[in-house]
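Dear colleague,

I am passing on the structure below, followed by notes on what turned up in it.

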Amino acid sequence: MTRLSTATLGSARPGVIVPAYDRATVTAGIVHLGIGAFHRAHQAVVVDDLLVRDPSWGIVGASLRRPDTKDALAPQDGLYSVLTKDGDARSLRVIGAVLGVLDAPREKEHLLAQMADAATRVVSLTVTEKGYCYNAASGGLDLTHADIVADLANPRDPASAAGIVVEALRRRREAGIAPFTVMSCDNLPHNGAVSARVFAEFAEAVDPALGRWVRDNVAFPATMIDRIVPATTDADRGEVEALLGLEDAWPVMAEPFLQWVIEDKFVGTAPPFEMGGAEFVTDVAPYERMKLRMLNGTHSMMAYLGFLSGHEFIAQVIGQPAFRTFVSNAMAEEIGPTLGMPQAQTDGYAAQLLERFSNTALRHRTYQISMDGSQKLPQRLLGTITDRIAAGAPFERLALGVAAWMVYAGGVDEAGKPIEVQDPMRAAFAAIDPANLLDGYLALERIFPRELAGSPVFRAAVGAKLALLREVGAAEAVRRVG
Ligand code: CS2
């Protein structure tokens with residue numbers, strides 16, 4: 001079948017939404033680091049909407065590790081489709097906002113030159129939690145991280161996100177060009193403040209004057225990003241091909257829901273992201289907290305408990321009445337009350353989340369969400385638990401979620417089969433004595449703040465849930481906790 005490209009786009013099937021602007025007039029204004037499925041189903045879609053008004057905000061994407069996105073999108077002139085799925089309903093749209101993709105390891109100079117170019121006014125990132133080389137316990141850059149050590153030894157030839165951003169900023173400063181705005185779009189708490197701190201600390205370690213300049217001149221808006229984007233499968237590619245009438249090697253799948261809340265703090269004028277439904281606010285924190293604790297918190301709980309119960313997809317998990325009760329109670333009774341919002345608002349949000357999780361067309365794998373638990377647990381579950389303990393309130397369901405993660409990270413499922421655990425702290429997990437999981441995990445200070453690990457209430461709650469999981473298994477534990 002003919003491949004999707006500029007030349008063939010005209011033969012897309014009727015009903016497919018195609019760019020409403022003339023792509024030939026679009027120029028690059030954004031460099032995006034970490035051009036995975038999430039970015040292409042979220043930010044790039046919003047940019048695709050605003051290019052009608054201002055064609056100077058096209059995106060040059062970069063992948064920091066794997067060349068697969070570049071290899072797939074180059075023959076397609078950057079074009080790809082987003083298939084939105086809701087039950088049996090489908091909507092297919094071809095996105096034209098990505099002008100090109102650079103493979104950072106092979107094309108570093110090209111990438112740095114693009115970032116140092118005055119036309120680039122925003123550098124956005126989806127490099128996942130671990131990509132910030134951030135030490136959750138200290139709150140700053142992890143100067144012992146191998147990638148940071150390597151980049152600080154050779155800052156003109158960087159490989160980490162921090163190294164690349166700072167080298168591009170150094171070049172701009174030297175050339176007398178205003179800095180770009182650095183916009184984190186990762187699921188980190190206070191992603192703006194974390195990026196500000198991590199990148200300024202890196203710059204400072206390269207040159208104190210550069211560190212000061214970064215602190216004083218670069219804007220790091222916080223953002224809350226939300227859209228469920230499961231990994232694309234071969235079956236998805238087949239579905240896209242049938243709907244599009246062309247072959248697309250790199251489509252992305254998404255739910256209809258899309259939310260993006262952005263702190264109104266840019267160097268110069270921000271791209272008109274509101275044209276694509278984004279919202280500019282002065283304080284992102286309440287949105288971010290609600291989303292991380294309610295959506296991502298229950299996502300992780302469903303992922304570990306669901307995986308251990310033998311469920312492959314989130315919609316299957318939430319389709320079990322016991323799980324639905326458990327998740328709904330966790331949100332209403334344990335998470336919602338920590339958000340400091342009117343109950344009607346958190347209840348409404350919870351109801352909407354249950355609907356979104358129930359979207360059977362998405363096939364969002366529990367295994368996918370289970371990845372990188374060490375990087376996710378603190379902001380998704382542990383902060384909520386800390387607040388519950390401070391309020392003297394129970395947190396049985398959250399404790400079961402943490403215990404399920406410990407079992408999962410131990411690398412053996414309930415049938416005794418090995419689990420391929422993907423996590424930067426995997427080696428540390430493997431060194432834990434299976435006979436004493438609780439002490440082993442709680443000693444990991446990068447995950448568990450000392451105060452929490454030392455809390456008798458916390459230890460007792462998680463310890464009891466570990467025992468319950470061992471005794472009756474995840475499915476029955478969920479039913480009993482309810
Ligand atoms: C998920 C998120 O994989 C995960 O850890 O919880 O990617 C989630 O789907 C998104 O944050 C939704 O916006």
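How far does a polar side-chain atom of R380 lie from an oxygen atom of the ligand? The distance is 2.9 Å. For K291 the corresponding distance is 2.7 Å, and an N or O atom in the side chain of D226 is 2.6 Å from a ligand oxygen. Taken alone the ligand exposes 340 Å², of which the protein buries 89% (Shrake-Rupley areas, 1.4 Å probe).

This is a predicted model: local features need pLDDT of at least 70 and side-chain atom pairs pLDDT 80 or more, while totals for chains, interfaces and linings use all residues. Residues are numbered from 1 along each chain as its sequence is written, and side-chain values use heavy atoms, without hydrogens and water.

The residues surrounding the ligand (a heavy atom within 4 Å) include N187, H299 and H364. Helix α10 gives the largest share of this shell, three residues; β10, α10 and α15 (373-390) each supply at least two. Helices (H or I, at least four residues) and strands (E, at least two) are DSSP runs, numbered from the N terminus.

There is also an open, mixed sheet of three strands in the order β10-β12-β13, where pairing takes at least two DSSP bridges. Its edge strands are β10 (223-226) and β13 (279-281). Strand β12 (residues 259-263) pairs with β13 in the parallel sense over three bridges, and F280 in β13 is the bridge partner of I262.

Elsewhere, D48 sits in helix α2 (residues 43-50). D48 counts as buried because its relative accessibility is 4% (buried means under 20%, with a 1.4 Å probe and protein chains only).

Regards

Methods:
Buried < 20%, exposed > 50% of the residue type's maximum accessible area, 1.4 Å probe, protein only. Polar contact = N/O pair within 3.5 Å; in protein donor to acceptor, adjacent residues only side chain to side chain.
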